[in-house]
Each structure stands twice: as structure tokens, then as C-alpha cells.
Amino acid sequence: MSRSPDAQRMEKIVSLCKRRGFVFQSSEIYGGLNGCWDYGPLGVELKRNLKNYWWHVMVHERDDVVGMDGSILMNRAVWKASGHEDTFSDPMVDCRSCKARLRADQVIERKGVRQCPNCGGKDLTEPRPFNLMFKTYVGATEGESSVTYLRPETAQSIFVQFKNVLEVSRKKLPFGIAQIGKAFRNEINPRNFTFRSREFEQMELEYFCRAEEGMKLLDYWLEERLKFYQNIGISREKLHARTVPDEERAFYSKGTYDIEYDFPFGWQELEGVAYRTDYDLSQHQNASGKSLEYFDEETKQRFVPHVVEPSAGVDRTVLALICEAYSEDEAPDEKGEMETRLVLRFHPRMAPIKCGVFPLLKNKEPLVAKAKEIIDLLRPHLTVFYDESGAIGRRYRRQDEIGTPFGVTVDFETLGEKDAALCDTVTLRERDSMKQERVAINDLAAILASRIS
Ligand code: GAP
């Protein structure tokens, strides 16, 4: 059976990710570990650019948000109070024929009969809850008293540190606490490449407010987050804000949106924006016996703040960036014949490498020396890559394929051999349009900085 164009596109993306060093299978030489991934040299740069930009927009650019970095292991009591120990589960079904373990929503139903999507078998167990938290033991004894879990979300450390952060930051409501960090879920069926993983990163903001501000702030944060995605190069047409209906929403939430992206495997959630009322802080206040109240100096009232939470996945957003950027077009080869060009059209802000620098010929010492001077000039300001091997067109293609937005070529004109007026100028090529312009080396850093930000 032939694969659909979307499935073929996804296969090409996965293969490019491995071939060019964005993402590798974890523990690959031992056969891998399902649901775990390693980011290679380019993937880690892309991921860092995303996290740094999120932090910049959500923390540094705002007066009403501060950051924190909590531990992954926490007291088990946190997970009891938050409800995760009792209810953080997916319904699981076993196929008695092929022994597959399935999430209940993956079971297919034909003419009212439930079937295994793997083998077509009809002998399936009834759904039962499967807790998604990874259990572990703290210290040398492996008993009930030493049990805890790898955190399944970063949010809880923000809630339990609410009072400490409030005191040291001296913020007034509404204000937020932001965190980026690892989270772990023992997903029954990890799938769609990095989309559903067992180890992943989240970028979460808990924005504390008064009850009467909750619904308004929910809409405010939805708009802010949609803007964020557009500012990292995701087109508005590929984003969708889904209003989560009452029956799907957590009982304590008064409103939730899912921001979805049009992946090659369908519309899927990138981020949840939820108005969680005062549920989390109240749960921890009741369970710990410690006050998590806010004192309003103007009204002299004491109350538990409400919270609006935009919670985004780093890995899902990286995958969306790659899917969005992936494109094929036509460009002339060395002989002027058209060939397929594979290009990642990353927003320059997100691109792992911002500029390639190429001496026209590698065996002409003055060209090489000048190119290396340019590398030294640009390196303090942006990520650069030096490449002297192969025809210049090939070198451009290699950079196109990893999404480098700019290329600088040092040629004989740079050396002033043809026209003294062109001495110390270079060719600056733009990835998407492939247009070239002549610019002075002295202006390069400023021109590139203005086009990247
Ligand atoms: N604190 C709220 C919370 O954790 P969530 O909707 O369960 O909410 C938030 O997770 C985001 O974390 C998701 O929108 C998604 O981007 C990311 N995420 C959740 N589970 C994931 C998984 N198994 N693999 C990759 N990303 C995941």
C-alpha cells in the first residue's frame, strides 16, 4: 500500500533529523529505548534558541513574571495532594492475541466490535487505569516509605514554592512564575517521533491572579501565546485554538484552550492554556497545613490566588518548527540544470546556525585567511559555520538543508583584485530567495544582527 503524501513527508523529516544531527534515537547502539530521544549538535541549538526566546519573552521582557528552577524529585506528598498519585492515568487495554498494550482511545471499533489496531484481534481486556508517573525510590531502602516519582509536569514545584517566591520577589497580583524543565510520563504508546515521548521538556507559566480576573487573563494568555508561535515562524493558518469542552476539562478548570498545530500526522496539541482556579494552591495548603494565601495590603484581605497556566512542550514545538520549516523547491545545480533543493526555512531567530562562511577556493591562502577573519569577527555575535570543501553551490545546499539563513562568500573581489572599490566586500546570500548582494565586511555583523532579531 502506498504511503500518503503526509506520511512520506513525515518520513523525510525523521530521516533528515537523523542524517543532519537534529535528533537521534536514545541508546541507539543498544537498540534504542522507546519514547526517549537525544538531540544532536543542531537539535540542541534549535532547542536552546526556542527555550531562550520563550524565557526572554515570558520572563525578561515582563515586569510581572519571575523564574525558578525546581528539582525533578519531590516529596511524595506533593503528588498525593496534587491528585497525580490517584488520578494521573490513561485507560489501558491489553490485546490477548498479540499482547499489545494499548491506550483505550487507540482501539478501533468496527460494527460495534472492538479490535486491536496491531493484529486485528478481538480478544481485548476491559479498559483499566494505568498511572503515567515513573515510580522511584529515594535513598538506600526500597520500601513504601521511600517511594516518589519523576515529576510528570514542572508546575507543581511552582505551586509549592509559591509563598517563598512571593516573599523574595515582593510581586503584587497579578504576577507569574515561569519554569522550563524536564518532565516524565510513562506513556502507554509513545508515537509520532518526538511528539509523544516518555521524557520531555515543558515551558510553563503559572500566572497568579484574583478570581474575578481569571477568565479575562485566560483569553489574554491565549492571544500572547498565539503571537509567540507566529514570532518563531509558525504560520497562523497552521495554528488552531480549540476550546476544550466541559466534559474533557479538569473538574476544577473554568476554561481551557488547546493550541494545536497542523502536523503531517494531523492537528495535535502544542500547548494547553488553562484557568485552573485556586485548585492547586488550595490542595497544597490543605495537605501541608501551611498558608499559601496572599495578603492584599490595600483591601487588607487574605485569600488563595487563582491561576492561569500556559503550559507548552519544548519537544513538540521543536518538532513543529522542523515540520513548518521543511520544504523542497527547485534550484540550479553547478551546470545550471534545475534540481530539487531541500531547505529548512527556519525563522532566523530559531535557526541553529545563523551564517555560513565560505572561501571561494580552499587552496588560495588569502581567500581562506579572509574567511577565517570573518568567522572571528562574527562569532561573538552569532553562531557561524566555516566550510571550504566542495563547489560553492554544494556548500550552499548543505546549509540550506539545515536551515542556515545567511551565507557569506569570500571571492577575488574581496581581495580587491578586480576592482579596488570592492576590496573588503563579500557576497551575502539569503537562503529562501537565494538572492545575493555585495556588502562591506565592516557592516556584516550589524546587517546580520538586524535581520536575525
Ligand atoms: N501543567 C499542565 C500540564 O502538564 P499537559 O497538557 O499535560 O499540561 C502540557 O502538558 C504540554 O506538555 C503539552 O501541551 C505538550 O506540549 C507537552 N507534553 C505533554 N505530554 C507530553 C509527551 N508525552 N511528550 C511530549 N510532550 C508532552
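This is a predicted model: local features need pLDDT of at least 70, side-chain atom pairs count only at pLDDT 80 or more; totals for chains, interfaces and linings use all residues.
1. Helices (H or I, at least four residues) and strands (E, at least two) are DSSP runs, numbered from the N terminus.

2. Residues are numbered from 1 along each chain as its sequence is written, and side-chain values use heavy atoms, with hydrogens and water left out.

3. For the chain as a whole, the protein has 12 helices and 25 strands, and its C-alpha trace spans about 80 × 65 × 45 Å along the principal axes. Of its 453 residues, 51% count as buried, where buried means under 20% relative accessible area, exposed over 50%, and partly exposed in between (1.4 Å probe, protein chains only). The chain exposes about 22,100 Å², of which carbon and sulfur atoms supply 49%; accessible areas come from the Shrake-Rupley method with a 1.4 Å probe, and for residues only the protein chains shown count as cover. Among contacts (heavy atoms within 4.5 Å) between residues at least 6 apart in sequence, 64% join residues at least 24 apart.

4. The ligand is surrounded by 19 residues, the closest being Glu153, Glu187, Glu204, Glu269 and Leu270; a residue is counted as near a molecule if one of its heavy atoms lies within 4 Å of it. Strand S12 (199-209), strand S15 (266-275) and strand S18 (306-313) each supply at least two residues of this shell.

5. An oxygen atom of the ligand is 2.6 Å from an N or O atom in the side chain of glutamate 269, while a nitrogen atom of the ligand lies 2.8 Å from a backbone N or O atom of serine 197. Glycine 313 places a backbone N or O atom 3.0 Å from an oxygen atom of the ligand. On its own the ligand has 550 Å² of accessible area, and the protein covers 89% of that.

6. After the helix comes glycine 233, with a positive phi near 100°.

7. Tyrosine 229, leaving aside neighbours within four places in sequence, is in contact with Ile234, Leu239, Ile259, Leu270, Glu271, Ala312 and Thr317. Glutamine 230, also in helix H7, counts as partly exposed because its relative accessibility is 34%, and beyond its neighbours within four places it is in contact with Arg236 and Leu239. The C-alpha atoms of glutamine 230 and histidine 347 are separated by 9.8 Å, although these residues are 117 apart along the chain.

8. A nonpolar core is a set of buried Ala, Val, Leu, Ile, Met, Phe, Trp, Tyr and Cys residues joined through side-chain atoms within 4.5 Å. The largest such core has 59 residues, and Phe22, Tyr229, Ile232 and Phe346 touch the most other members. A second, separate core of 21 residues includes Leu367, Ile375, Val384 and Ala445.

9. Aspartate 387 lies in the loop between strand S22 (384-386) and helix H11 (392-402), and it counts as buried because its relative accessibility is 8%. Not counting residues up to four places away in sequence, aspartate 387 touches Val357, Phe358, Pro359, Arg395 and Arg398.

10. Positive phi values also occur at residues other than glycine. Serine 27, in the loop between strand S1 (23-25) and strand S2 (37-39), has a phi of about 55° and, at 35% relative accessibility, counts as partly exposed. Lysine 300, in the loop between strand S16 (294-296) and strand S17 (301-303), has a phi near 60° and counts as exposed, at 58% relative accessibility.

Key:
A polar contact is a pair of N or O atoms within 3.5 Å; within protein, one must be able to donate a hydrogen and the other to accept it, and residues adjacent in sequence count only if both atoms are side-chain atoms.
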